[in-house]
Every structure is written in C-alpha cells, then in structure tokens.
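Me: I've got a structure open and I'd like to learn how to read it. Can you walk me through it?

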Amino acid sequence: MGNHSIIEAGAALGAGEELSGRCACGAIRYRIGASPLIVHACHCRDCQRITGGPFVINMWIERKHVAIDGAAPKAFRLAGGSGTAHDVYFCGACGTYVWSFYHGAPGDALFVRAGALENPERIRPDVHIFTRSKLPWLELPAESRAFREFYKIDQVWTPANKARLAANRAESA
Ligand SMILES: [Zn+2]
Ligand SMILES: [Zn+2]
C-alpha cells in the first residue's frame, strides 16, 4: 500500500504510518496508528442530526490505537436507537464531534469521524448502514455494500479483522 492509497477494511497502514485529525479549532488533535476495522457510512437519523449532513463516516478502531495529543474531548450520552447508550465526544471549545463510543458495540473501540482527518480522502466507506433513512436524493455508488439496518459482522468483516475484534473483546473483558 502506498502512502496515498485509500484505506479499506483489510488494507493496512504502511509501517510507522498514522492517520491524524483534529477538531475545527485545533484544541483536540489525535493520531490513529492502525487501519480501521471497518468504515461505516451511517445514514441513521441520529448521525444525520449530529452531523447536520446526510450521513456520518465512522472508522471503527480499537481505542488503544487512538492517541490524543491535545485537549480531552467532552462527552454527551444519547440513547442509541437499539436501546443501548451512545456517547458522543466533542471539543469543549468549538463543538466539533470527533468520535462516538457505542455501549452496544463489542470490544473497546471508538468510532472516529473520518471527516475530521487531515486526509479524509484516504478513507472510503466499506459499508453503508441504516439506509432505510438515507435521504432520497442521495444515490450510492452501484458497487456499494448497503444494509437497511445493521449487518452481521461474521458475514461482512475480513477474517483478519474478525481476529482483531476477538482480541479486542478479550482485552476489554
Ligand atoms: Zn475544537
Ligand atoms: Zn448512525
């Protein structure tokens, strides 16, 4: 993988390579030291409301791979659609949402907003989820993997990333 290739599930960052991002004011800066387990474009109503856009691009990444260099983000707890809590993290100064923690998701992982990366073009969604609430004027690329709600990890993730998730669950148990 070259330095400027798109990172999809199963692809890896180069040796020593990191993704970096920040909030709009720069108080929060962070680095991601591994490729995401998967990248979701989520079209649910919560993500539309939080971002003010048609969907959010979330990188599912183990928390241990996210290093914060600046201010610690603040959290606000939402009731997730599935009934489990969803903590959204944002900059206390400028209000930019930087990531989510879903209490219902397995393991100890953050869902980091790809739009806040310095190089957001590196990331392309692996799957589109909750397309039941996709805005009707938005047409997904023909080859997209799309799910009306969520999907079964077993049927979608690469074997290597399923192994990473199993390790992450064991570490956080
Ligand atoms: Zn900020
Ligand atoms: Zn969502």
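Me: In what order do the elements of the protein run from the N terminus on?

Reply: First, some ground rules. Residues are numbered from 1 along each chain as its sequence is written, and chains are lettered from A and ligands numbered from 1 in the order in which they are written. This is a predicted model, where local features need pLDDT of at least 70, side-chain atom pairs count only at pLDDT 80 or more, and totals for chains, interfaces and linings use all residues. Helices (H or I, at least four residues) and strands (E, at least two) are DSSP runs, numbered from the N terminus. Here the run is β-β-β-α-β-β-β-β-β-β-β-α-α, with 3 helices and 10 strands.

Me: What radius of gyration does the protein have?

Reply: You take the radius over C-alpha atoms and hold it against a globule rule, 2.2 Å times the number of residues to the power 0.38. For 173 residues, a compact globule would come out near 16 Å; the protein has 15 Å, which agrees.

Me: Which strands pair with S3, and in what sense?

Reply: Strands pair if DSSP finds at least two bridges between them. S3 pairs with S4 in the antiparallel sense over 5 bridges, and Ile38 stands opposite Trp60 there. With strand S10 (residues 127-129), S3 pairs in the parallel sense over 3 bridges; Cys42 has Ile129 as its bridge partner in S10.

Me: Is S3 covered on one face or both?

Reply: Count neighbours: a residue is buried if 20 or more other C-beta atoms lie within 10 Å of its own, exposed if 12 or fewer, and partly exposed in between, with C-beta atoms placed from the backbone. In S3, 5 of its 5 residues are buried. Both faces are covered, with Ile38, His40 and Cys42 on one side and Val39 and Ala41 on the other.

Me: Which residues touch the most other members of the largest nonpolar core?

Reply: Such a core is a set of buried Ala, Val, Leu, Ile, Met, Phe, Trp, Tyr and Cys residues joined through C-beta atoms within 7 Å. Of the 37 residues in this one, Cys42, Met59, Trp60, Ile61, Val98, Leu110 and Val112 touch the most other members. The largest share, 5 residues, comes from S4.

Me: What is Trp60 in contact with, leaving aside its neighbours within four places in sequence?

Reply: Contact is about C-beta atoms, again placed from the backbone, that lie within 7 Å. Trp60 reaches Pro36, Leu37, Ile38 and His40, plus Ala109 and Phe111.

Technical notes: Two residues are in contact if their C-beta atoms, placed from the backbone, lie within 7 Å.
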